[in-house]
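The following paragraphs walk through a structure step by step, with each term defined where it is needed. Please keep the sequence and the coordinates open while reading.

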Amino acid sequence: MLKQNKFISIISIAGTALAIMMIMTLIVVNEVKNISIAPEDKRDRTLYITFQVERERVNESSFNTRSGDVSPNIFNKYLSDLKTPEYISIMSDFNPEFKQTVNVEGESNYFQFPRRIVDASYWNIFSFDFIDGNPFSEEDFQSDVRNVVLSESIARELFKGEKAVGRTIQINFENHRVTGVVKDVSTVFKYASGGIWVSRRSHGAVLLVARDKQDFPTIIAEVREAERRYGIENEPWFLYFRGPENQKVNNMDNMWRGNNEEEFRNVIKIENRRRIFLFAVLLIIPALNLSGFSLSRIKKRTSEIGVRKAFGAKKHTILIQVLYENLITSLIGGFIGLIFSYIAVVWLKNWLLGVTDSSTIPLNAFLSPAIFVIVFAVCVLLNLLSAGLSALKASRMSIVNSLNKNDQL
Amino acid sequence: MSIINLQNITKIYQTKEVETVALENVNLEVNEGEFLSVMGPSGCGKSTMLNIMGLLDLPNEGKVLINGTETNQMKDGQLAEFRNETLGFIFQSFHLINSLNVLDNVELPLLYRKSTDKSRRELAKEVLSKVGLSHRMKHFPSQLSGGQCQRVAIARALIGNPKIILADEPTGNLDSKMGEEIMNLLHTVNQAGTTIVMVTHDESIAKETQRIIRFFDGRRIQ
């Protein structure tokens with residue numbers, strides 16, 4: 001079939017490739033943000049609380065509100081002792097552009113590096129690759145000594161190849177002991193990334209790692225119970241934790257998401273509808289264009305279809321044959337489109353993933369089985385949408401008209 | 001014993017403006033093992049009759065009995081199976097599939113039966129050898145002469161071992177020498193027991209067959 005109509009086949013494959021590229025760029029970006037890969041290899045069983053709203057009812061219709069990321073006090077009192085999660089951790093945001101003054105103790109060579117403030121439990125949540133030393137323990141965290149873990153590149157820059165573990169550095173002129181050095185982590189990993197990880201209690205995002213995904217409802221119920229406890233203890237103030245959200249919801253656009261559960265769920269619904277609409281548009285518009293090519297290919301084979309039916313091909317045989325042959329084109333286009341989508345994601349990572357230009361995207365995020373299953377499913381869907389009608393028409397053509405090449409399509 | 005029995009067949013083609021009667025109350029019996037020619041001027045309905053006989057088209061009225069089976073009530077799928085097992089077709093313009101080589105073209109009817117690749121290949125080679133085209137198996141239709149193409153079409157019609165072959169002007173696109181070769185081949189097939197119904201304009205080749213029937217304006221006149 002491909003050889004029969006070379007020009008149309010090439011155009012059709014190129015069209016499919018572009019369509020698949022657009023769709024797969026969205027999906028690959030989504031996958032990179034969502035799949036569980038080291039160091040964020042527990043994403044599938046992690047729940048996130050990234051925002052808290054404290055409100056005081058003034059009258060029927062007005063409130064005093066204070067909101068922001070989760071405060072250390074609220075975390076300590078209401079979240080740190082939840083029973084069901086395997087690990088609970090609070091960590092500050094990490095902004096590679098927001099840098100601290102850093103020097104090795106006793107040296108006057110000052111550097112500017114970004115940091116993330118984390119607790120001891122943080123190290124249980126992610127799978128870092130320690131080159132030297134260890135993460136700081138709970139005892140280290142509770143002690144008066146401030147500890148840090150350095151990324152490999154920062155350790156190299158600070159210590160010029162000398163051993164870093166056990167040495168002391170100053171961050172904003174405060175002493176910190178280096179307990180470990182890890183391989184650099186890409187900023188693709190929103191919570192695992194960091195240049196210097198400092199042991200301290202901070203405000204920020206709370207990550208709750210379940211032993212099993214099935215524990216999610218219990219954990220969510222415990223969080224709601226924590227809110228109620230706050231309400232009893234701080235009346236007339238009440239508390240709302242946004243979420244806890246799973247990885248996928250947590251990755252949706254970081255917009256305002258409501259001051260209570262109901263508003264939050266509505267925003268999620270709207271966001272999901274927006275995604276489905278975008279996906280449908282990206283699928284249907286190219287499918288309509290490609291259906292023209294598909295129809296044109298079938299027209300050229302009218303007589304062949306007549307012959308096949310004369311010699312015993314049933315309607316469904318023709319239908320399957322046309323769809324199968326078109327699927328080959330779709331899969332070739334799909335493969336090319338997937339490669340293009342990888343290029344697009346790498347090229348536009350700053351815009352699509354919100355990461356720095358120097359960040360690398362781990363290869364296993366691109367090669368996840370889910371991506372290949374999705375690209376196949378998208379190809380099948382595009383194939384059905386673009387060739388379904390022509391396949392149906394081909395299967396219903398009258399044999400005599402087909403043999404006489406009377407145009408019925 | 002009649003292997004084809006057309007009873008009171010009427011076929012009308014209807015468009016929004018015009019109604020054309022292609023066949024009107026046609027009755028015809030073809031005996032098993034017979035080689036029958038159908039003649040008549042262009043547009044007289046002989047090809048329509050052949051299409052109805054071959055279950056490629058349905059009559060508006062009348063019954064079509066093939067090999068003792070009444071086909072009128074059959075559904076599409078049953079008709080396809082019945083055609084595949086009982087009938088072989090040879091067309092004036094060969095209707096070979098250009099993207100397939102000779103061997104694949106010949107195998108086509110067996111694709112719609114339960115048969116293994118190996119048995120299909122072997123049968124196709126055997127039939128191609130019968131029509132003298134063993135040396136052209138890997139060639140494509142565009143690389144063959146008209147006579148060779150028609151021989152491939154005959155091999156394709158024969159491979160399923162049908163009881164009946166319906167040939168619509170099988171020599172119409174060939175020169176006289178090639179036409180003669182094809183007719184010799186068809187006579188050999190007929191002598192082996194296959195019933196053949198052939199539409200033709202050529203009086204001389206029709207005379208070589210056992211019986212000639214003539215059509216005029218959608219009616220059998222002789």
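Two strands are said to pair if DSSP finds at least two bridges between them. Helices (H or I, at least four residues) and strands (E, at least two) are themselves DSSP runs, numbered from the N terminus. Residues are numbered from 1 along each chain as its sequence is written, while chains are lettered from A and ligands numbered from 1 in the order in which they are written. The model is predicted: local features need pLDDT of at least 70, side-chain atom pairs count only at pLDDT 80 or more, and totals for chains, interfaces and linings use all residues.

Strands 1 and 2 of chain B make a hairpin, with four residues between them.

Chain A contains 14 helices and 13 strands. Of its 409 residues, 37% are buried. A residue counts as buried if 20 or more other C-beta atoms lie within 10 Å of its own, as exposed if 12 or fewer do, and as partly exposed in between, with C-beta atoms placed from the backbone. Contacts are defined in a related way: two residues are in contact if their C-beta atoms, placed from the backbone, lie within 7 Å. Among the contacts in chain A with a separation of 6 or more, 77% are between residues 24 or more positions apart.

One sheet in chain A is open and has three strands in the order 3-2-13, with antiparallel pairing. Strand 3 (63-68) and strand 13 are at its edges with a single partner strand each, so one side of each has no neighbour in the sheet. From one strand to the next the twist averages 20°, where axes are lines fitted to C-alpha atoms (for helices over the stretch in contact) and angles run from 0 to 180 degrees between N-to-C directions. Strand 2 (residues 52-57) of chain A pairs with strand 3 over six bridges in the antiparallel sense. In that pairing Arg55(A) is opposite Thr65(A) of strand 3.

Helix 6 (residues 216-233) of chain A can be read by its two faces. The helix has 18 residues and reaches 26 Å from its first C-alpha to its last, close to the 26 Å expected at 1.5 Å a residue; the expected span is 1.5 Å times one less than the number of residues. Which residues of helix 6 of chain A are buried? They are Ile219(A), Val223(A), Ala226(A) and Tyr230(A). Viewed down the axis of helix 6, these buried residues fall within an arc of 50°, so they line one face of the helix; the arc is that of the directions from the helix axis to the C-beta atoms. An α-helix has 3.6 residues a turn, so residues three or four places apart point the same way. Exposed residues on the face turned away from the buried side of helix 6 are Pro217(A), Ala221(A), Glu225(A), Arg228(A) and Ile232(A). The cover over the buried residues of helix 6 includes strand 1 (46-49), helix 2 (72-79), strand 12 (205-209) and strand 13 (237-241) of chain A.

One joins Glu235(A) and Pro236(A), with omega about 10°, and Pro236(A) is in the loop between helix 6 and strand 13 of chain A. Another joins Gly243(A) and Pro244(A), with omega about 0°; Pro244(A) lies in the loop between strand 13 and helix 7 (247-250) of chain A.

Finally, the two chains meet. In this interface, 17 residues of chain A are in contact with 17 residues of chain B. Helix 9 (302-310), helix 10 (315-347) and helix 14 (399-403) of chain A each supply at least two residues of the side that touches chain B. Helix 9 of chain A gives the most, with six residues.
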